[in-house]
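Hi everyone, thanks for coming. Let's look at this one together on the screen, and I'll talk you through a few parts of it.

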Amino acid sequence: MDADDVRRAIWRMGHEIVERNHGLDGVVLVGLQTGGVALAHAFADALHEIDGASPPVGTLDVALYRDDIGIRPVLPEAVTEIPVDLDGAIVVLVDDVLFTGRTIRAALDALNAFGRVRAVQLAVMVDRGHRELPIRPDFVGKNLPTRRDEMVNVSPSGVDLGELVKDGR
Amino acid sequence: MAAPHQHLLSIADLDVDDLDQLLRLTDAFAEVSRRQIPKVPALRGKNVVWLFYEDSTRTRLSFEQAAKRLSADTMTFSVSSSSVKKGESLRDTVLTIEAMGVDAIVVRHGSAGVPWQVARWLDDRVSVVNAGDGWHEHPTQALLDCYTIREHRGQVAGLRIGIVGDIKHSRVARSDVLAFTALGAEVTLVAPPTLLPPNLDGWPVRVSHDLDSVLGDLDVVYLLRMQRERMTEHLVPSLREYTTRYGLTQRRVGALRDDAIVMHPGPMNRGVEISAEVADLPRSVIIDQVRNGVAVRMAVLYLLLGSGVDRVLGAAPLDADALLAAPLPEPAVEPEIEGAMQ
């Protein structure tokens, strides 16, 4: 995917979000730190053009809710900020890549701390497979078959698939 | 990269990067504390024991609150109602607690060095946190002080900080001097000669016996608790005289710079080291210190017990690549990938 493909995918998914929710009433976009934050803002801009309404945008860092704390290094990377009360809101979680589903599992837990949401929907730019939990996205930019040891990099300029170089960081 | 830290015993074990990382990490826990439900499951299943050989209300409550917000289980070993009264040695007590299966022991003791001794007796699995040892150190207090200064003044580096009062008997002062100077502040100790340590060689500080002469230069005035016992030891003639020379009175506040803040580790003696009105001024950030204490202790417990960051406090900030590079378990069956949409 190049930059135009990413832009078109955001545009299409924006329409899908509006269609699914019959507008944007009660919709809150929550970008997952760190890859989903820029994407959530891109969705907010697209939704504003599509529907005229601007849903609130929040960010969520799920480090403290992960199930691999103590197995893999996990430090909170960025501060969580939820600008509105989530009681009764429809939360659209936004992330760049959906992989094992464990981040989303942690995010669902984390959302509980901010109130009882009406519904949670999931928007991802890339679904790369290899799920380890029964989690599926509602809005997908692209399904991208990958090997487990490949790395997917999503940025505004496009989506790259790279080999993971273990020693070369 | 700094050496791995399994314990938090002394500020001297932390370098500038460690301190910076801890303060940045504390932001994340301060945010958790502001949530509607201020509790995260990060330390679920971990067990923390309070081993307090000296009275403490606020430090123990603060640690307790921090552990609970991280979902850790806690136990209190209360010396007054325990077998210590029956003559059990410290070593036997520690080994008994360890055998029950704990992940961290938070120690306060009247003798300097006890947390080190406890750490030596324990196996590698258990972390020790120094919650105050004698007149020696109180590292988490220094960390919360640095965090509070950073919150109000942006950073610690370059500030002029005066620590006023009974330096000699203060573990808070020793940890604070280490932390403030490591982060690049200029520290002046202000006290009568009887309340200064007999030997200040190697302390990176200035010393003054005259509060009025330094007050106008300070960005932070850090007042220490003046303990009444010090009078019976004839270190000060009277509390009233102490207040006259070293108390932060309404009159002295007038000499402070507009943006100077006033700090105190608590509990305060209103009317002795700080006047009642001064303690309630907006520039007195004493309540913020207490609030930040919980977040700082969450960060410390999380780093020692939960982060999995190889027990390294000084590791570089993690990026997503590093997380992905860590080995993942291979699934038994390769899941099907759904067909592309459209």
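Let's start with helix α2 of chain A, residues 35-51. At 1.5 Å a residue, its 17 residues should span 24 Å, and the end C-alpha atoms are 25 Å apart, which agrees. The expected span here is 1.5 Å times one less than the number of residues. Helices are DSSP runs of H or I with at least four residues, strands are runs of E with at least two, and both are numbered from the N terminus.

A word on the source: this is a predicted model, where local features need pLDDT of at least 70, side-chain atom pairs count only at pLDDT 80 or more, and totals for chains, interfaces and linings use all residues. Residues are numbered from 1 along each chain as its sequence is written, while chains are lettered from A and ligands numbered from 1 in the order in which they are written.

Which residues of α2(A) are buried? Among them are G35(A), V37(A), L39(A), F43(A) and L47(A). Buried means that 20 or more other C-beta atoms, placed from the backbone, lie within 10 Å of the residue's own.

Now for its partner, helix α1 of chain A, residues 3-20. The two axes come within 9 Å and cross at roughly 65°; axes are lines fitted to C-alpha atoms, for helices over the stretch in contact, and angles run from 0 to 180 degrees between N-to-C directions. On the α1(A) side, the contact includes I10(A), W11(A) and G14(A), and on the α2(A) side it includes A46(A), I50(A) and D51(A). Contact means C-beta atoms, placed from the backbone, within 7 Å. The residues of this contact divide into nine nonpolar, two polar and one charged. Nonpolar covers Ala, Val, Leu, Ile, Met, Phe, Trp, Tyr, Cys and Pro; charged covers Asp, Glu, Lys and Arg; the others, Gly among them, are polar.

Over to chain B, with 13 helices and nine strands. Of its 342 residues, 42% are buried.

Strand β3(B), residues 104-109, pairs with β4(B) over five bridges, and A104(B) has S127(B) as its bridge partner.

Definitions and conventions: Pairing = 2+ DSSP bridges. Buried ≥ 20, exposed ≤ 12 C-beta atoms within 10 Å, placed from the backbone. Contact = placed C-beta atoms within 7 Å.
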